[in-house]
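Colleague: I have a new model open and would like to go through it with you. Shall we start with the overall fold and then look at one helix pair?

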Amino acid sequence: MTDYSKVPINSLESLRLRLTQAMHSLNKLNDSIHQSQTLPQWSSLQNQLTVILSQLTSLSTTLETQREILQYINVYPLPEFPSTTHEGLLTTLLRKKNIPEVSEWITQSLEESKDKNPSASDQFAAWCVETSAQESENWIFTGFRTKHEIDNDIPEAPEYSLGESTSTNVSQGEVSTDDLNKLVYMGIDPR
């Protein structure tokens, strides 16, 4: 009788569960994309991708926490395993070398990641925020004129000017169409 007490069943079972969930979600996404000629709704795709990302994050965390245990596991078939009838499956499961497509994919990913500096991405994001803040100070977003034009009393171009109000029969409390347009397009309060 074989002693299974040293086999990390809980670790392997948690990995199996995470892998099964991720595989199910990926198959569901694949089916929904290939099901019809048009893509599913954007919100549906986004929800499915969010679930997949959370499952992959969970899988990655589980692998990281179980890394020491999993590094020392040696996989081998039991004597009862029908190795002659399932030789292809056994070869695939016990393969230590990646298949050529996976090796190529890993090599390509490593080459692409060498050129990328994660801190450069953070620096770029900080630069974007700083530049946006500086540029927003140079503009007024309530009309057609820039801050520079307003500060230097440069008149508005005639094609953007709403001109004077042409409404003659405006009673107390009502707003003319021209004044309303000035409020909407230029942010000028008519009162």
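**Fold and helix packing**

Modeller: The protein chain has 8 helices and 0 strands. Helices (H or I, at least four residues) and strands (E, at least two) are DSSP runs, numbered from the N terminus. This is a predicted model: local features need pLDDT of at least 70, side-chain atom pairs count only at pLDDT 80 or more, and totals for chains, interfaces and linings use all residues. Residues are numbered from 1 along each chain as its sequence is written, and side-chain values use heavy atoms, with hydrogens and water left out.

Colleague: What percentage of the 191 residues in the protein chain is buried?

Modeller: Buried means under 20% relative accessible area, exposed over 50%, partly exposed in between (1.4 Å probe, protein chains only). By that cut-off, the buried share of the 191 residues is 12%.

Colleague: Are α1 and α2 roughly parallel or roughly antiparallel to each other?

Modeller: Two packed helices are described by the angle between their axes and the distance between the axes. For α1 (residues 9-34) and α2 (residues 42-65), the axes come within 9 Å and cross at roughly 160°. Axes are lines fitted to C-alpha atoms, for helices over the stretch in contact, and angles run from 0 to 180 degrees between N-to-C directions. Angles under 35 degrees count as roughly parallel, 65 to 115 as roughly perpendicular, the rest as oblique, and over 145 as roughly antiparallel, so α1 and α2 are roughly antiparallel.

Colleague: Which residues does Ser-25 contact, leaving aside neighbours within four places in sequence?

Modeller: Ser-25 lies in helix α1. Ser-25 is buried, with a relative accessible area of 11%. Contact means heavy atoms within 4.5 Å. The partners of Ser-25 beyond those neighbours are Val-51, Ile-52 and Gln-55.

Colleague: Is Gln-48 buried or exposed?

Modeller: Gln-48 sits in helix α2. Not counting residues up to four places away in sequence, Gln-48 touches Lys-28, Leu-29 and Ser-32. With a relative accessible area of 14%, Gln-48 is buried.

Colleague: Which residues of α1 meet α2?

Modeller: On the α2 side, Leu-45, Gln-48 and Leu-49 are among them. On the α1 side, the list includes Ser-14, Leu-15, Arg-18 and Leu-19.
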